[in-house]
Structure formats: structure tokens, C-alpha cells
Amino acid sequence: MTTPRVAVVGAGAAGLATLKALADVGVPAVAFEAADTVGGLWVYGSAGSPTYRTLHLNTSKGRTEFADHPMPADWPDYPDHTRIAGYLGDYADRFGLRDAVRLRHTVDRVTRVGDGWRVHATGPDAPVTVDVAAVVVANGHNRLPHRPEPYPGDCTAEQMHSHDYRGPEQLAGRRVLVVGGGNSAMDIAVDASYAAQRTLLSLRRGVWVVPKYLLGRPSDTLNGALARRLPWRLRQRITQGMLTATVGPPSRYGLPAPAHGFLQDHPTLSDGLLSRLTHGDIQARPGIARFDGDRVEFTDGRSDQVDLVIWCTGYRVAMPFLEPDLLGDGPERLPLYRHVFHLDAPGLAFVGLMQSTGAAFPLVEAQARLVAARLAGTWAPPDAAGQAAACRAELRAATTRWGQRRPHMRVDFDAYLAQLHRELQAGRQRAGAAR
């Protein structure tokens, strides 16, 4: 293999998109992947993957696919994890990416060496060290479970995080409490409603639950059409009104009222949840107040007996291979130019370190093209002051919209995708002017 100029950490969707973009511009790269195959979190049963057997996309295939690799036309609108893992494998095969991936290699140290970088990885046979001009971190952020602070009292029920959930057989005949309001919580609660003796769903705060179809179309396609024409505040009013008119407010189903308007948090999509609530097969509960053995007391005074508590409480972002001075206040609060480039460490870029209102694949594809253009010398960023000013402006806007819920990482799918396309053109002009 040609001596790599770039090291990529991870060979999931973000890492593969990065390898492909770099190959397109003739920049040799090597990727290190801890698992024994490419595909990242979508590979069921792979080391560190949170995938469960009933998992499907919660964004439609037309809004999820790579521009360079469309999903098959005969696939359903919301493919399952097996199809998506196969799709990523086909992507790697089609563009000849597998030879650039070192499987079963875990990056444990990335350090600056002169004007470049040294990457150290442990492998199945011996450690590997490479010196490169740039490093692209594409390791994802759904691998290290976030567990809540302990509640008052003693819980004797079995506890698990959604990361360890694999299928409904783990729930059969049990009294299950699912805690959380994200997509995994809704999926697992619906699974439990068919397999468990009893299913409770606890939410501390309200969320907008969006059915996967509205007006006969995948629901994310409607918001996408609006996004090309309207600012998010107006889209919020239109979409929130549509949801209220078609399925009613969340309180209609016993769920807490959302504290934020639609489009001000990650969307929660589920076709099954609202139906199972109205049939009584899932019972909604507010936040937990305390535990007392195998009983859980809720903030509204009710208490229930449970056998199993499933914490669907998200994930922590972890990059232990990077030096602490590179991460500042932590990876979740790292200011990056256009959510990609480190402000103080040339040659260090991130692909996929974001939380989108929509799908991830098109965004990591666009980010990867920006990285590749920079490393090929056809794109240039603004000066340091301009980059820092852009980060401050984006953080102010994100904090206004999303509050303190990871504002550094938040992006509006359609607006951000359009911004990356504009940035690619603007940076090419800057690079041309500098030559």
C-alpha cells in the first residue's frame, strides 16, 4: 500500500466516507477499525455495536443514502440494520476501500510530532505506529453508554443500558421499565409491549413523537421540502401544527408535554409507540423519584413493581486516544470550524462529531469531501480569527435553539448540508486566491 498521508480512526459510515473522499482526490490514507469488519455500529453483534435485532432506520432511505451510492429502489422506506450494514459493506467494495482498512486495530494514542502526527494502534499481532500529515477522527459517539446519577433508594431489579439490548427475548414475561425519550427507548418499549408481562415508559421531560409517515409520505421528506424554502422557526410552527392536527399533542397519550418546540431537540420517530399507548400495552410514567427494592416511585406519587429497568439514556463522547489539551473542555464542547476542523491543531479533523436533526450519512459524506479538499490543497479555511468568529456565531445560534443540550454538536440537517456545499465553494476560491 502507498505510504499513507492520513490516518482515519474508525471504519463505520464516517470513516468509509472519509476514505472514499480522500481516494477521490488521490490522498493515500489508512483507517484503523477496532471491529473485525467495516460498518461500525450498524453491524449487529460486532464489538461495541449497540444494534438490536429489531432496529430500523428512523430516517427514510432517500434522506439517508450517500449521494455517491444510492440505496436500491426496491428497498422499503425504512430499511433494517442488516440492509444498512450490507449497504456500507457494498460501499466499501464498490469504491475499493477495504484494502485501506486495518481491522481489529484499536487506536490508543495520537500525538503531535513536529508538523505531523503519530498514531499508535494495538492489533491482533503487534502494535502499529504510523507517522502521517493529518488525522481524521471518525470513531462515532454511540459506544460508551451514559448512565444517570443514582436515584435515591436501593433498586433490586435488574438494570441494563439500551447498549446491551439485543432483542425481545430479554424482556419475555417480565415487568419492564424503559427510561428515556429517544428513538431507542421507543423501539424497546414497543418490543416490550409484545413480549413483557407489563411495560412502563418513564420520561422526565416531554418529547415530540413523530410517526414515520405523514400525509402518506415519509415524514422527514415533508420537513426537507420545507427546509429548502423556510427558516426553522416557521418550519417549527408548520410542522408542530401538522403533528397536533394529525396525531394530537403528546399529552393526549399520557406523555409529558414537551418543554421545547418541535425542531429544538433530536426528533423521536415511532409508528408503534402511540398505538401501543392507546391500547394500554405501554403505560406512560413521569420521571423517577426513588427506588425501594423492586418498586419504583415516580414524581407523581405512583409506584410500580418492576423486574427490569432499561436505561435508554444516551451515550458519552469519548476520544481517549487524544491528548487532553486537544480536547479542551471535552469532545462534546470542542469548537470546530464547520464542525470539522480543530482551531488550534492543523491536520486534525473530525467527521461525524455532531448531532443532526436528520440522517448522518449525507452529512459525513459532505464533511469528508471538505477534509479531502483541504488535504489535497484545493480548499482553504478563513484565517484563524475568521474561524473562531464563525464558531462563536454558530454556538450562539445553537444555544438559542437547543439550549445547553450539546449545542456545540447540534446541526440542522438541511441547513448544515447546504452550508457545507457553500463552504466547499468558498474555500476553493480562497485556495485559488492564495496561489
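Reader: Which residue of β21 stands opposite Leu 177?

Author: Leu 177 stands opposite Val 309. The model is a predicted one, in which local features need pLDDT of at least 70 and side-chain atom pairs count only at pLDDT 80 or more, while totals for chains, interfaces and linings use all residues. Residues are numbered from 1 along each chain as its sequence is written, and side-chain values use heavy atoms, with hydrogens and water left out.

Reader: What makes β11 and β21 a pair?

Author: Two strands pair if DSSP finds at least two bridges between them. Strand β11 (residues 175-179) has four bridges to β21, in the parallel sense, so the two count as paired. A strand here is a DSSP run of E with at least two residues, and a helix a run of H or I with at least four, both numbered from the N terminus.

Reader: Why are β10 and β17 called edge strands?

Author: The open sheet runs β10-β21-β11-β12-β17 with parallel pairing. β10 and β17 (283-285) each pair on one side only. For β17 the partner is β12 (residues 198-202), over three bridges, with Leu 200 opposite Gln 283.

Reader: Which way do the side chains of β21 point, and are they buried or exposed?

Author: Leu 308 and Ile 310 point one way, Val 309 and Trp 311 the other, and all are buried. Buried means under 20% relative accessible area, exposed over 50%, and partly exposed in between (1.4 Å probe, protein chains only).

Reader: Why does Ala 259 count as it does on that scale?

Author: Ala 259 has 66% relative accessibility, so it counts as exposed. Ala 259 lies in the loop between α6 (232-246) and β16 (268-269).

Reader: Why is α1 called oblique to α9?

Author: The axes of α1 (residues 13-24) and α9 (residues 361-376) come within 8 Å and cross at roughly 40°. That makes α1 oblique to α9, because under 35 degrees counts as roughly parallel, over 145 as roughly antiparallel, 65 to 115 as roughly perpendicular and the rest as oblique. Axes are lines fitted to C-alpha atoms, for helices over the stretch in contact (heavy atoms within 4.5 Å), and angles run from 0 to 180 degrees between N-to-C directions.

Reader: Which residues of α1 and α9 meet?

Author: Ala 13, Ala 17 and Leu 22 are among those in α1, and Phe 361, Val 364 and Leu 375 among those in α9.
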